[in-house]
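Today I opened a new notebook page on charged side chains and how they pair up. Come along as I look them up one by one.

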Amino acid sequence: MSSAVLMRSVLPQLKTLLSLSPTLSSSLSPLSTSRPSSPSFGLMFDIDGVIVRGKSVLPSAPEAFHLLVDQSTGTWRVPTIFVTNAGNTLRQEKADKLSSWLNVPVTEEQVVMAHSPLKMFAEYHEKHVLVVGQGPVEQIARSLGFSHVTTMEQLRHTFPTLDCVDHKRRGAAPCSFNKYFPRIEAVVLFGEPIRWETSLQLLVDVLMTDGHPSFTPSTISHPHLPILACNMDLQWMAEAVMPRLGHGAFLLCLENLYKKVTGRDMIYTALIGKPSEITYRHGEHVLQQQALHTVGLPHPVKTIYCVGDNICTDIFGANLYNKYLQRRRLDTAVMTQAKVQDHSRSIDNLVGAVGELSGAESCYSVLVETGQDTPHSKEGSGGGAFPRSLLS
């Protein structure tokens with residue numbers, strides 16, 4: 001599917017999708033007593049701009065999701081997960097909010113945050129990482145498997161002279177023991193921080209000093225420390241009438257500052273979150289788990305429908321993953337599975353995602369007009385700012 005199906009809101013598009021399975025559709029009627037057939041498809045929903053705008057629930061969202069849940073048992077009739085580029089909270093907290101917003105039971109296992117695929121990057125879990133973002137970032141990092149974590153606030157207190165933009169926040173002289181601070185070995189960017197000037201300055205410092213900003217570097221290390229960045233959204237939709245700057249805007253500032261100061265490009269080790277293939281691959285794994293263990297399907301989900309409001313992330317990402325699935329099927333048809341794993345630069349091989357559930361054959365994108373991309377926002381909304389290279 002080269003372009004998205006366009007829908008006004010989530011309710012009519014859900015009715016359209018359910019109509020693809022006539023037996024399932026008829027069983028969703030309140031007067032029906034028939035047992036629904038097993039669906040061969042699953043649903044991935046964005047949250048901001050599809051279900052809520054800021055803290056306001058969109059009017060048709062609760063009614064739409066009631067179609068997917070058996071009201072007598074509270075169980076899901078169709079495999080359904082929620083994939084968001086938000087990264088400032090734990091999965092359980094987001095699941096609790098979704099349950100409250102939609103009046104249906106949503107579990108932690110149905111939520112994929114921007115940072116969720118970092119669980120698969122086990123090679124970094126024992127490294128000393130600097131984490132940046134909002135919310136309980138240290139708790140989030142540890143829940144993903146990182147065992148040696150330093151937050152931006154902790155780094156700022158260890159090296160108080162580095163943060164100088166706000167004169168009122170300037171620290172005292174550095175402590176003599178900061179030279180014993182363990183070297184930072186990787187940077188993990190969960191989402192946009194609150195004080196951009198502090199994070200931009202200290203991140204450039206850490207990258208230029210190869211992880212120990214207490215020493216003046218004689219040369220600029222290249223390549224620099226590994227950077228794992230989540231959420232590439234340049235903009236996102238909240239209560240305001242126009243989209244708001246997101247983590248993609250912060251990354252753009254960081255990239256250009258590093259380039260200006262060092263003369264070299266900043267290179268990401270991994271870009272995670274929509275529209276990256278790795279996020280949709282992890283999302284499919286979670287969806288297949290729901291199909292198998294929660295809905296109880298006797299077969300894997302064959303078709304995935306991804307519903308979102310952002311062309312540059314939700315729609316582009318779903319179409320990108322559809323191409324990955326088609327390419328994967330072609331590779332499997334012409335080579336043995338062993339050769340595919342040995343020679344393909346597939347995301348499965350890149351992260352060593354052994355044991356990840358799969359089975360989908362196609363992934364279709366569905367654009368709703370309740371969020372960022374509407375008929376009135378096609379010009380001047382930043383929609384042309386397509387994602388940076390995903391394999392930088």
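Before anything else I noted the cut-off I need: a residue is buried when its relative accessible area is under 20%, exposed when that value is over 50%, and partly exposed in between. I also reminded myself that this is a predicted model.

**Entry: the whole structure.** I searched for salt bridges and got 13.

**Entry: a buried pair.** I looked up lysine 274 and found 4% relative accessibility, under 20%, so I logged lysine 274 as buried. Its partner is aspartate 314, in a salt bridge with N and O 2.7 Å apart.

**Entry: a pair within a helix.** Next I took arginine 142 and glutamate 138, whose side chains form a salt bridge at 3.1 Å, N to O. They are four residues apart in helix α5 (residues 137–143), so about one helical turn separates them. I noted both as partly exposed, arginine 142 at 40% and glutamate 138 at 27%.

**Entry: one more bridge.** I finished with aspartate 265 and lysine 259, whose closest N and O atoms are 3.2 Å apart in a salt bridge. Aspartate 265 is partly exposed at 45% relative accessible area, and lysine 259 is partly exposed at 39%.

Terms used
Residues numbered from 1 in each chain as written. Predicted model: local features only at pLDDT ≥ 70, side-chain atom pairs only at ≥ 80, totals over all residues. Heavy atoms only, no water. Salt bridge = Lys/Arg side-chain N within 4 Å of Asp/Glu carboxyl O. Helix = DSSP H or I, 4+ residues; strand = E, 2+ residues; numbered from the N terminus. Buried < 20%, exposed > 50% of the residue type's maximum accessible area, 1.4 Å probe, protein only.
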